[in-house]
Structure formats: C-alpha cells, structure tokens
Amino acid sequence: MTANFLQNTFVIQSGTWQKKRTICLIPSLMSSKEDIRPGLPMLRQIREARRKEEKQQEANLKNRQKSLKEEEQERRDIGLKNALGHENKGFALLQKMGYKSGQALGKSGDGIVEPIPLNVKTGKSGIGHEALLKRKAEEKLESYRRKVHMKNQAEEKAAEQFRMRLKNKQDEMKLEGDLRRSQRACQQLDTQKNIQVPREAWYWLRVEEEDEEEEKEENEQDEDEYDSEDLSVLDKLQILTSYLREEHLYCIWCGTAYEDKEDLSSNCPGPTSADHD
C-alpha cells in the first residue's frame with residue numbers, strides 16, 4: 001500500500017526563485033498492520049471448519065431419504081390427526097343411520113366417542129409375548145416379596161430367641177443370687193444353733209481358701225443319696241429355702257425369722273420368689 005507525499009523544491013527561473021512542488025510515491029508507514037497475535041489463525045480455522053461441518057450436516061439432513069418406517073409413521077400420524085370425511089364409506093354409512101360427528105355410538109348414545117386407539121406393534125415378538133413378560137415380571141416381584149417376608153420373619157424369630165436367651169440368663173443369674181443369699185443365711189443361722197457341719201455340703205457357701213487335705217477328704221467321702229452336681233440351681237434353691245423355713249422359720253425374700261410356724265404361714269406370702277412379687 002502506498003500514499004502521496006508532497007516534496008518542496010526551489011528552482012531559479014528568469015532570475016527569480018520559484019517554488020515547485022513534486023509528488024513522490026513512497027510506501028506508507030501508517031498502513032494497517034496484519035494482526036499476528038498467537039493462536040488467532042488457529043481459532044479462525046477451527047470456526048470455519050465447524051461452520052462448514054454444520055452446513056454439511058444440514059444439507060445431509062435435507063437430502064437424506066427417509067426410511068420406510070419413518071414414512072409409515074408420518075402417514076399414520078397425518079391420518080390419525082385428520083377426521084374422517086364424507087368420502088369415507090364407513091363414515092357415510094354411519095351418517096345414513098343418523099350418526100353425527102362427535103356423537104357417542106349406540107342407540108341410547110352411551111357408547112364411545114373417540115375411536116379405539118391404535119396400538120402399533122414394532123417388535124418381532126409374537127402375539128401374547130408382552131403379556132408373558134408382564135406375568136414373569138409379576139412372578140419375579142412376588143418371589144422377591146416372599147423372600148423379603150421370610151427374611152423379616154427369620155430376623156424377628158432370631159431377635160425373639162435372643163430376648164428369650166437373655167431373659168433366661170437374667171433369670172438364672174437371679175436364681176444364683178437367691179441361692180447365695182440362702183447359703184449365707186443358712187450358714188449364719190446354723191452357726192447360731194451351734195451346727196458346725198451343714199446338712200449338705202452345698203447348704204453353705206464354700207470357703208475359697210481351703211487346704212488341699214480338706215479338699216481330698218471331701219472328694220473321698222461317700223456319695224450321698226443324690227449328687228449335688230446333678231441338681232439344678234432352682235432345685236437347690238427350693239430345697240434350701242424349704243430347709244430354712246422348716247428348721248429356722250426364716251424366709252429369705254421376707255428377710256425375717258418368724259416366731260413359729262403359724263406366724264410364718266400367716267405373714268409370709270409364700271415359699272417362692274413369685275409369691276413375693
């Protein structure tokens with residue numbers, strides 16, 4: 001790009017100085033420079049390629065030949081949207097019998113107004129296959145519900161068994177506590193009556209620190225009519241409480257030693273823990 005540049009020169013003509021103008025053509029220093037910022041040419045190329053691709057896609061979409069299914073769907077939709085005209089033979093016969101557009105079918109006019117909807121079957125499965133799939137899904141759901149119900153029942157049963165075991169353990173601990181109380185009371189009351197040896201070895205609490213010789217002597221003693229190890233805690237408690245009531249007129253649940261049997265029977269609720277609840 002160039003621009004005009006004025007240059008003044010002076011020449012002598014006829015003894016006088018005269019001013020002469022000349023025009024020089026030189027490259028313009030003020031010409032517009034090309035934008036050479038980094039990355040801009042690449043962005044322009046990407047935008048141009050994207051515009052070309054979009055135009056190509058639009059052209060392909062316009063020129064694409066529709067498939068047979070798409071054409072059938074379009075014709076079907078157009079036919080369903082448009083009401084039947086007088087040129088339709090079935091509609092003409094209905095009009096001859098007194099039918100009007102928008103009127104319900106039937107002699108009394110209680111029939112349907114809208115035609116039966118069209119249900120197009122697009123898959124390759126046979127008739128009744130969808131009903132079979134539906135029935136199988138319902139059976140699967142019912143089986144899942146049964147499994148969940150059985151699982152819940154098993155969990156409830158396990159929880160109930162755990163509660164029963166816990167209750168039995170608590171009852172057993174309570175019985176053992178009552179037995180120890182009875183043994184201490186028996187030992188104390190027997191000692192007050194100068195009874196040095198208990199009627200049965202388990203009537204008294206065993207001393208934890210015993211000599212080995214005493215343990216050997218106890219092991220060598222003849223067995224009694226029944227072995228104490230064969231008795232349950234409940235059996236021992238019943239036998240020992242009966243002994244305390246008969247021999248010492250004492251009830252461990254009342255915590256009282258009565259004067260005589262009549263006083264015991266009239267003032268004590270009963271021989272068991274349940275009687276004192």
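**Exercises on a predicted model**

Leu-249 is found in the loop between α6 and β3. Helices (H or I, at least four residues) and strands (E, at least two) are DSSP runs, numbered from the N terminus. This is a predicted model, in which local features need pLDDT of at least 70 and side-chain atom pairs count only at pLDDT 80 or more, while totals for chains, interfaces and linings use all residues. Residues are numbered from 1 along each chain as its sequence is written, and side-chain values use heavy atoms, with hydrogens and water left out.

**Exercise 1. Survey the chain**

Task: state how many helices and strands the chain has, in what order the elements run, and what share of the residues is buried.

Solution. 
- Step 1. Counting elements gives seven helices and four strands.
- Step 2. Read from the N terminus, the order is β-β-α-α-α-α-α-α-β-β-α.
- Step 3. The chain has 277 residues, and 13% of them count as buried (buried: under 20% relative accessible area; exposed: over 50%; partly exposed: in between; 1.4 Å probe, protein chains only).
- Step 4. Take the contacts (heavy atoms within 4.5 Å) between residues at least 6 apart in sequence; 38% of these join residues at least 24 apart.

**Exercise 2. Find the aromatic cluster**

Task: find how many aromatic pairs the structure holds, and work out which residues are linked into a cluster by ring pairs.

Solution. 
- Step 1. A pair of aromatic rings is described by the distance of the centres and the angle of the planes. Rings of Phe, Tyr and Trp (its six-membered ring) pair if their centres lie within 6.5 Å; planes under 30 degrees apart count as stacked, over 60 as edge-to-face and the rest as tilted.
- Step 2. The structure holds three such pairs.
- Step 3. Trp-202 and Tyr-203 have ring centres 4.8 Å apart and planes at 75 degrees, so this pair is edge-to-face.
- Step 4. Trp-202 is buried, at 6% relative accessibility, and Tyr-203 is buried too, at 4%.
- Step 5. For Tyr-203 and Tyr-243 the centres are 5.1 Å apart and the planes stand at 55 degrees, so the pair is tilted.
- Step 6. Tyr-203 sits in the loop between α4 (129-192) and α5 (212-220), whereas Tyr-243 belongs to helix α6 (residues 233-247), so the pair ties together parts that are 40 residues apart in sequence.
- Step 7. Tyr-243 has 6% relative accessibility and therefore counts as buried.
- Step 8. The cluster linked by ring pairs is made up of Trp-202, Tyr-203 and Tyr-243.

**Exercise 3. Describe two residues by their contacts**

Task: determine whether His-248 is buried or exposed, which side chain it meets in a polar contact, and what Thr-241 touches beyond its neighbours in sequence.

Solution. 
- Step 1. His-248 lies in the loop between α6 and β3 (250-251). Its relative accessible area is 10%, so His-248 is buried.
- Step 2. The side chains of His-248 and Asp-190 are joined by a polar contact of 2.7 Å (a pair of N or O atoms within 3.5 Å; within protein, one must be able to donate a hydrogen and the other to accept it, and residues adjacent in sequence count only if both atoms are side-chain atoms).
- Step 3. Not counting residues up to four places away in sequence, His-248 touches Leu-189, Asp-190, Lys-193, Tyr-243 and Ala-257. One of these, Tyr-243, is also a member of the ring cluster.
- Step 4. Thr-241 is placed in helix α6 and is buried, with 6% relative accessibility.
- Step 5. A polar atom of the Thr-241 side chain lies 3.0 Å from the backbone oxygen of Gln-238.
- Step 6. With neighbours within four places in sequence left aside, Thr-241 is in contact with Ser-182, Ile-252, Trp-253 and Pro-271.

**Exercise 4. Check the backbone**

Solution. 
- Step 1. Asn-194 is in the loop between α4 and α5 and is exposed, with a relative accessible area of 63%.
- Step 2. At 13% relative accessibility, Leu-249 is buried.
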